[in-house]
Amino acid sequence: MNPVPPAQAAPVLTQTSVSKSTSFPFLDLHAQFEEIRTDVMAAVERVFESQHFILGPDVQRFEKEIADLLGCRYAFGCASGSDALALALKALEIGLGDEVITTPFTFVATAGAIARTGAKPVFVDIDPATYNLNPGDIQRAITSRTKAIIPVHLFGLPAAMDEINEVARFNRLAVIEDAAQAIGARYHGEFAGNIGDIGCFSFFPSKNLGGAGDGGLVTTNDADLADCLRLLRLHGSRTKYQYELLGFNSRLDTLQAAVLRVKLQHLENWTMARRRNAARYCSLFERAGLDASISMPIESSGTDHVYNQFIIRTEQRDPLRNHLRDAGIPTEIYYPSPLHLQPAFQYLGYQPGDFPEAESASRSVLALPIFPELTEAQQESVVASISDFFRVRD
Ligand SMILES: *Cc1c(COP(=O)(O)O)cnc(C)c1O
């Protein structure tokens, strides 16, 4: 029998231990898993029972469910969002000698996919209000080599697709939507990813619909492009050991599809929770009189933002971030450097000052926790801490 230990003096609670005990993660995937554990584990077990790991029935079912959700004719799972972009470019026969216009203020994969085909990424600056491609700057960047435009629906807010499609039609360019952060977002009633020629999605775990690893998907309404995409992800093969095209090995694992099908049933609720949290931040900031010190994300008219990220903006970004970190409040910076200033794209010859809005955004944006399970009390603690920061400075 273990003797009862003698009573110990309660540990002295220092300021840091208090804040640590109330701290929470930037994205709480554990909380999400608790909600769906039984269904996820049953789906995984079903795949193991079948031992049908490559393009099993869950993949086709998931593709059909996504196509129904988005209202598109064709959807093909693939290995990642980066591969979705690569497949889209390949299906459009874009490669060496071609130019593709995109934004410098995005995740590296957007421009990386262009460069890896041998084509040249051509950057166009962003609209500082939306962080998305500024459509008014696109025409000026078009040359005889331009083949496509890749708008990114950054942070979950659809880009100005009417203007982008119009400039694309006028110049006979394809439009590939990078909808990696925007599943479920709407633009004048249409779903992001179903507005251009090909839509690209990612199921990286931190996206709004995240898998248990890597995954991606391409969508289109064009039968010829669909046929090409279907072959390209499977070594260019329609019939076993017959290769019509030089393709990739880029499939969505059956296991991922099975997990994603479970999660897809919750997507609408999770998106509503993200939107509720965004609205709550806005009213809390307003109530705290902070709307003059920081800018809030906007929802352009006719769009539904899905808040993969909730981005505030302030010239005091770095000291504010340090203050929040000391208070146990997690934040992230998307993105600390625009792509035209990254060493990997140095060969393109861009200089600091070439895209002033993207550069300025990189210095002033801060992402706050926005995940669906975030509580009102946690949001209040974020806003209170930001309030403290500006009170001391004023
Ligand atoms: C996540 C992301 C990608 C790449 O997706 P992966 O699945 O990680 O390859 C591409 N573009 C944007 C804007 C993204 O956020």
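**Cysteines and the domain interface in a predicted model**

User: How many disulfides does the count come to in this structure?

Analyst: This is a predicted model, and a disulfide here requires two cysteine sulfur atoms within 2.5 Å. Cys78 is in no disulfide, since the nearest cysteine sulfur, that of Cys200, is 7.6 Å away. By this rule the count comes to zero disulfides.

User: Is Cys200 buried or exposed?

Analyst: A residue is called buried when its relative accessible area is under 20%. Cys200 has a relative accessible area of 1%, and Cys78, whose sulfur is the closest cysteine sulfur to that of Cys200, has a relative accessibility of 0% and counts as buried. By that cut-off, Cys200 is buried.

User: Which three residues supply 21% of the area that domain 1 buries against domain 2?

Analyst: The protein chain is divided into domain 1 (15-24 + 266-393) and domain 2 (34-264), and the contact takes 35 residues from domain 1 and 42 residues from domain 2. Together the two domains bury about 3400 Å² between them, with 62% of it on carbon and sulfur atoms. The three residues that supply more of the area on the domain 1 side than any other three are Leu267, Tyr335 and Leu339.

User: Which element gives the largest share of the side of domain 1 that touches domain 2?

Analyst: Across this interface the rule finds 19 residue pairs in polar contact and one salt bridge. Among the elements that give two or more residues to the domain 1 side are α9 (254-287), β10 (303-304) and β11 (310-313). The largest share, five residues, comes from α11.

Conventions:
Residues numbered from 1 in each chain as written. Predicted model: local features only at pLDDT ≥ 70, side-chain atom pairs only at ≥ 80, totals over all residues. Heavy atoms only, no water. Buried < 20%, exposed > 50% of the residue type's maximum accessible area, 1.4 Å probe, protein only. Domains from an automatic or database assignment. Contact = heavy atoms within 4.5 Å. Buried area = accessible area lost by both parts, 1.4 Å probe. Salt bridge = Lys/Arg side-chain N within 4 Å of Asp/Glu carboxyl O. Polar contact = N/O pair within 3.5 Å; in protein donor to acceptor, adjacent residues only side chain to side chain. Helix = DSSP H or I, 4+ residues; strand = E, 2+ residues; numbered from the N terminus.
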